[in-house]
Amino acid sequence: MLTSSATDGSVAAAADRFLSRFRRPVKFLLAVSGGSDSTGLLVALATLVATGRYPGISLAACTVDHALRPRSADEARAVAALCARYGIPHSVRRWDGPKPVTGLQAAARTKRYDLLLDAAAGHGADAILTAHTGDDQRETIAMRAGRAAGGVGLSGMADAVLLGGRVWLFRPLLSVDRAEIRRFLESAGEEWIDDPSNANPRFERVRVREGRPEAMAEAVDRLALSRRAAEFLDAHVRALSPLLFLLPPEGIATALADPAAWRGLMLLAATTGGRVHAPETASADRIRTFLADGTLSRLTAGRVVFDRRRAGLFLYRERRGIEPLVLPAGGTATWDGRLGVANRGSRPLVVSAAGATIDPALRGAARRAAEAAPRFGFADGGPAPADRFTVEPLIAPYARFLPGFDLPVAQALARLLGRAPFPSPPNG
């Protein structure tokens, strides 16, 4: 256990600042791999909660076993023993099945968060905690350098992220370096497990770490950018339907002049096209050139039609490349990155682009947008009654991961689409 002197370090101070933010009963699920960072987070939080100074706060822990190393199950059992010593309920979630040959780290990250969401539900947790550190933050910014979409700029990891639109994840140790965490554990008499993949140059994060990045100075204030982008969307964009948006001429001028407004427009484009990411720099530059020219014409980029008319700029999904979705009875799935669909009937549901089945009275942008709207039917071609399914507009850039600093612009997009707002953090 910790000695009193060990509680004076920056690890415990960061843990104390984090716990002090919460004034309501809340249960945290800690993601603990057994490495120094997550072990330090667990020890610091467990020790502080045990003092009784944070009434209503309780802890549970989960180890995600990716089944990528022979000793991974032994490591999970070691974490279970550590949690038992601190009186913390612990569970293991294992990634079974074949693993991808390429993109392994990205696939493991996605699976890890899926499994943590499952564990959070199992433990009745209100939020998930991970032990990302200041070292991770610097590496993240360096990795993102040069990749940012037009107008977005660089940023590090958010200290809070909404996972799957359901559960908030917090990172209490982003202000603490790994070396400090290890000194903290040594003074507490605790050991940790070293993951050999952390030194494998096959992975980009390791290569960046070894390059000693100095990109922090280029990071932008994403929360301020998000707030201004939200103000732009609220003030200038009209939703003519959940799938058709209009930006009047004065809004076009604002978007071209203000990086925050441009970011809002690019996120609206990603949402309209059902794309996870805003247009990359090359596509964003094409869109900017098109809008600055002022010609009344159309440009397609990122599956979105930018349709410039005297009334302003219409945005809608292009009709091409929309794959049909066959949804079994009782099933739920995402269609075209734009809609979450649930089949409430007893027959398979077919969701496809409306195409020529739309109202013949529609004209112009409204007609073209309607052609890419969903049509709900059965395998025999007949239409499905509205009571056989439910739909929810999706905001693709934030459907899986919503950084806390992007919450204002995400809420503005939710208002435009007429969908329920994203849940606020449990301490909000």
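**Entry 1. α9 and α11.** The model I am reading is predicted. Which residues of α9 and α11 meet? From α9 I listed I252, A255 and L256, and from α11 I listed R288, L291 and A292. By class, I sorted the residues of this contact into five nonpolar, no polar and one charged. Next I looked up the geometry. Helix α9 covers residues 249-257 and helix α11 covers residues 281-293; their axes come within 10 Å and cross at roughly 135 degrees. That angle makes α9 oblique to α11.

**Entry 2. α8 and α13.** I moved on to another helix pair. Helix α8 takes residues 222-236, and helix α13 takes residues 407-417. Their axes are 7 Å apart, and the packing angle is about 20 degrees. Why do I call α8 roughly parallel to α13? Because that angle falls under 35 degrees, α8 counts as roughly parallel to α13. I also recorded the handedness: α8 passes α13 in a left-handed crossing. On the α8 side, the contact is made by L223, S226, R227, A229, A230, L233 and D234. On the α13 side I found L407, P408, V409, A412, L413, R415 and L416. Sorted by class, the contact of α8 with α13 has ten nonpolar, one polar and three charged residues.

**Entry 3. The whole chain.** I stepped back for the overall counts. The protein has 13 helices and 18 strands. It has 428 residues, and 50% of them count as buried. I then checked contact range. Taking contacts between residues at least 6 apart in sequence, 67% join residues at least 24 apart.

**Entry 4. Helix α12 and E371.** Which residues of α12 are buried? In this helix, residues 364-371, I noted A365, A369, A370 and E371 as buried. The buried residues of α12 pack against four strands that I wrote down as β8 (244-247), β10, β11 (312-317) and β15 (349-353). E371 is a charged residue, and I looked it up on its own. It lies in helix α12. Its relative accessible area is 17%, so E371 counts as buried. Setting aside neighbours within four places in sequence, I found E371 in contact with R319, A353, A354, G355 and I358.

**Entry 5. T63.** I placed T63 in strand β2, residues 57-65. Is T63 buried or exposed? Its relative accessibility is 4%, so T63 counts as buried. I searched for a polar partner of its side chain. The side chains of T63 and H90 are joined by a polar contact of 2.8 Å. Not counting residues up to four places away in sequence, T63 touches V32, S33, A76, V79, H90, S91, V92 and R93.

**Entry 6. R303.** I located R303 in the loop between β9 (298-301) and β10 (304-309). At 23% relative accessibility, R303 counts as partly exposed. R303 is in contact with G273, G274, R275, Y316, R317, E318 and D336. For one of these, Y316, I looked up the spacing. R303 and Y316 are 13 residues apart in sequence, and their C-alpha atoms are 8.7 Å apart in space. What does the side chain of R303 reach at 3.0 Å? I found the backbone oxygen of D336 at that distance.

**Entry 7. D336, and two phi values.** D336 is in the loop between β13 (332-335) and β14 (339-343). Its relative accessibility is 12%, so D336 counts as buried. I finished with the backbone. Most residues other than glycine have a negative phi. Against that background I noted both partners. Phi of R303 is near 70 degrees, a positive value. Phi of D336 is near 60 degrees, also a positive value in a residue other than glycine.

Conventions. Residues numbered from 1 in each chain as written. Predicted model: local features only at pLDDT ≥ 70, side-chain atom pairs only at ≥ 80, totals over all residues. Heavy atoms only, no water. Axes fitted to C-alpha atoms, helices over the stretch in contact; angles between N-to-C directions. Parallel < 35°, antiparallel > 145°, perpendicular 65-115°, else oblique. Contact = heavy atoms within 4.5 Å. Buried < 20%, exposed > 50% of the residue type's maximum accessible area, 1.4 Å probe, protein only. Polar contact = N/O pair within 3.5 Å; in protein donor to acceptor, adjacent residues only side chain to side chain. Left-handed = near helix turned anticlockwise from the far one by under 90°.
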